[in-house]
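Try each task before reading its solution.

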Amino acid sequence: MKTAKKYFTDNVLQKRGIVMEDQAMETAVLDKLTKICLCKAISRATIKKAIANKADTVEKVQQATGAGSGACCGRRCTAKIEELLHLDQ
Ligand code: FES
């Protein structure tokens with residue numbers, strides 16, 4: 001038996017696309033809060049934006065965002081950038 005809350009979520013919010021908007025908003029917030037390059041405080045949102053703007057290699061992403069130019073010289077963030085590039089393909 002469905003609870004009133006479950007019915008509301010399944011039948012009203014999904015039909016109106018509100019659940020999808022919430023998920024998209026949650027992803028956008030997490031992307032802004034998650035730092036890919038800790039040394040330069042470059043967020044996942046910034047990296048994704050660079051990839052969306054045709055930066056298709058690690059070097060191009062680093063050049064566009066400044067990631068990889070911090071104290072660790074990219075040792076901590078390069079693999080994360082590569083992972084995001086592979087997710088985009
Ligand atoms: S984490 Fe990106 S340069 Fe150090």
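A nonpolar core is a set of buried Ala, Val, Leu, Ile, Met, Phe, Trp, Tyr and Cys residues joined through C-beta atoms within 7 Å. Please keep in mind that this is a predicted model.

**Exercise 1.** Find the residues that make up the largest nonpolar core.

*Solution.* Start by listing the members: I36, C37, I42, I47, A50, I51, A55, V61, A67, C77 and I81, 11 residues in all. Next, see which elements supply at least two residues each: strand 1 (35–37) and helix 3 do. Finally, look for the largest share, which comes from helix 3 with three residues. As background, nonpolar side chains tend to be buried together in soluble globular proteins.

**Exercise 2.** Describe how helix 3 and helix 4 pack.

*Solution.* First take the geometry: helix 3 (residues 44–52) and helix 4 (residues 58–65) pack at an angle of about 120°, and their axes are 9 Å apart. The crossing is right-handed. Then pick out the residues that meet: T46, I47, A50 and I51 from helix 3, and V61, A64 and T65 from helix 4. Sorted by class, this contact has five nonpolar residues, two polar ones and no charged ones.

**Exercise 3.** List what I47 touches, leaving out residues up to four places away in sequence.

*Solution.* The partners of I47 are I36, I42, V61, T65, A67, I81 and L84.

**Exercise 4.** Decide whether E83 is buried or exposed.

*Solution.* Locate E83 in helix 5 (residues 78–88). Now count: 12 other C-beta atoms lie within 10 Å. The cut-off for exposed is 12 or fewer, so E83 is exposed. To finish, check a distance: the C-alpha atoms of E83 and V58 are separated by 9.8 Å, with the two residues 25 apart along the chain.

Definitions and conventions. Residues numbered from 1 in each chain as written. Predicted model: local features only at pLDDT ≥ 70, side-chain atom pairs only at ≥ 80, totals over all residues. Axes fitted to C-alpha atoms, helices over the stretch in contact; angles between N-to-C directions. Helix = DSSP H or I, 4+ residues; strand = E, 2+ residues; numbered from the N terminus. Left-handed = near helix turned anticlockwise from the far one by under 90°. Contact = placed C-beta atoms within 7 Å. Nonpolar A, V, L, I, M, F, W, Y, C, P; charged D, E, K, R; others polar. Buried ≥ 20, exposed ≤ 12 C-beta atoms within 10 Å, placed from the backbone.
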